[in-house]
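User: I am new to reading protein structures and would like to learn how to look at one feature at a time. Could you take me through this one?

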Amino acid sequence: MEKMENSSEIVSFVLAAYGNIGGLKYLYFIIILIWYFSICVANTVLIVVIRLDRRLHEPMYILLCNLCLSEINASTSLYPLLLSQMFSDSHEVTVPWCFLQMFCLYTSASVEICSLAAMAYDRYISICNPFTYNVIMNTDRVFLMILLVWVYSFLSVIFSFSFIFSLKFCGNIIHSVYCDHQLIIRLSCAVPIQSFISDISFAIVSAFIPFSLISVSYLKILTVCRKTSKENKQKAVTTCTPQIISVSNLCVGCICYSIDFRFVVSRAPDEVRIILPMYVLIFQPMLTPFMYGFNLPKIRQSYQRFLFERK
């Protein structure tokens, strides 16, 4: 029942988008399990290769490990719930677990964007200030940057969405396959002004500021590359291309999410309405290890050494 007279009765949410999938649940379960396993393996392999190969113990690759870790964290926040719900009859999720999933997903999203900003800064220092690179981007400073990324993301999510914990809900039907912030707020008895403020604050702190830093870094890189040799231009393109593609894919995902909730949510087919806001959660975790693994020469060579030279 979607509306309830007493908001205190809300102890769980129902994920209504699963519907009656019938016998297809076994097929969906296998597909989701394989995809989740592939994401974990691809990102873990990249982390292990960077850890074992001393030639990859450089700031850019250390930051890449952190990015892969955030991909695993985001996927683990989503896919186990999807898998468990495939064989559920009620598709219920308790309120605390729903809030926990939402918190983990938004934290992972913020960590990913901030990690890309840190990587863009690393490329800016490497290309625009190569003689001071080792001084500025030493190992201790890189690990400090990673720590700041996680603390910054954690605090930004807490600050932006802490008001949700005190909301009173008059409905418990979430028309999605996971606990989404926008849909949960719609179930509150009265949408507070904090909802608008939290959306704006999260967008500024976790999206606008990192994207601004990324844009400034690459604009400066572009300016320097216009005046440098062809060889240096090629090197800059090789190292920056995976990051640019990752950032572009995130932008596409944000657009898909916004379009779904603001324009076509009531008109789109169920399949589109479900998949559209999950675009980034589905494709980004797999894009990262493959983009960096196949496009960065050092990582590609390291893969080849581990696969063939140790036999």
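Analyst: We can begin with the largest pocket, where the largest share of the lining, 8 residues, comes from helix H3. Please keep in mind throughout that this is a predicted model.

User: How much space lies in the largest pocket, and which residues lie nearest its centre?

Analyst: The general idea is that rolling a probe the size of a water molecule over the atoms shows where empty space is left. Here about 930 Å³ of space lies in the largest pocket, and its lining is made up of 36 residues, of which Tyr106, Ala109, Phe202, Cys254 and Tyr257 lie nearest the centre. The elements that give two or more residues to this lining are helix H2 (59-85), H3, helix H6 (181-186), helix H7 (193-225), helix H8 and helix H10 (279-295).

User: How do the residues of that lining divide into nonpolar, polar and charged?

Analyst: In the lining of the largest pocket there are 22 nonpolar residues, together with 8 polar and 6 charged ones.

User: How many cavities of 30 Å³ or more does the structure hold, and which residues line the largest cavity?

Analyst: A cavity differs from a pocket in that the probe fits inside but cannot get out. The structure holds 1 cavity of 30 Å³ or more, and about 60 Å³ of space lies in the largest cavity. Its lining consists of Phe99, Met102, Phe103, Val157, Ile158, Phe161, Ser162 and Phe165, and the elements that give two or more residues to this lining are helix H3 (95-128) and helix H5 (139-161). Sorted by class, the lining of the largest cavity has 7 nonpolar residues and 1 polar residue, with no charged residues.

User: Turning to the overall fold, how many helices and strands does the chain have?

Analyst: The chain has 11 helices and 3 strands, and if you read along the sequence you will find the pattern β-α-α-β-α-α-α-β-α-α-α-α-α-α. Of the 311 residues in the chain, 49% count as buried. Among contacts with a separation of 6 or more, 80% are accounted for by residues 24 or more positions apart.

User: What is the order of the strands in the sheet, and which are the edge strands?

Analyst: The general idea is that strands of a sheet pair through backbone hydrogen bonds, either parallel or antiparallel. In this structure the 3 strands form an open sheet with the order E2-E1-E3 and mixed pairing. The edge strands are E2 (92-94) and E3 (173-174), each of which pairs on one side only. Helix H3 packs on this sheet, touching E1, E2 and E3, and its direction makes about 85° with that of E2.

User: In what sense does strand E1 pair with E2, parallel or antiparallel, and in what sense with E3?

Analyst: Strand E1 (residues 12-15) pairs with E2 in the antiparallel sense over 3 bridges, whereas E1 and E3 pair in the parallel sense over 2 bridges. On the E2 side, Ser12 has Thr94 as its bridge partner, and Val14 stands opposite Glu92. On the E3 side, Leu15 stands opposite Ile174. Within E1, Ser12 and Val14 point one way while Phe13 and Leu15 point the other way, and all of them are buried.

User: Why does Gln243 count as buried, and what is it in contact with?

Analyst: Buried means under 20% relative accessible area, and Gln243 counts as buried because its relative accessibility is 0%. This residue lies in helix H8 (residues 230-262). Leaving aside its neighbours within four places in sequence, Gln243 is in contact with Met60, Met119, Ala120, Arg123, Tyr218 and Tyr292.

User: Are Thr288 and Ser75 buried or exposed?

Analyst: Thr288, which lies in helix H10, has a relative accessible area of 0% and is therefore buried. Apart from neighbours within four places in sequence, the residues in contact with Thr288 are Leu64, Leu67, Cys68, Glu71 and Glu112. Ser75 has its place in helix H2, and with a relative accessible area of 1%, Ser75 is buried too. Once neighbours within four places in sequence are left aside, Ser75 is in contact with Tyr36, Ile39, Pro80 and Pro285. Ser75 and Cys40 are 35 residues apart in sequence and 8.1 Å apart in space, taken from C-alpha to C-alpha.

Key: Residues numbered from 1 in each chain as written. Predicted model: local features only at pLDDT ≥ 70, side-chain atom pairs only at ≥ 80, totals over all residues. Heavy atoms only, no water. 1 Å grid on protein atoms, 1.4 Å probe; cavity = no way out; pocket = protein on both sides within 12 Å on 5 of 7 lines; lining within 4 Å. Points joined across faces, edges and corners; volume = space filled by probe spheres on them. Helix = DSSP H or I, 4+ residues; strand = E, 2+ residues; numbered from the N terminus. Nonpolar A, V, L, I, M, F, W, Y, C, P; charged D, E, K, R; others polar. Buried < 20%, exposed > 50% of the residue type's maximum accessible area, 1.4 Å probe, protein only. Contact = heavy atoms within 4.5 Å. Pairing = 2+ DSSP bridges. Axes fitted to C-alpha atoms, helices over the stretch in contact; angles between N-to-C directions.
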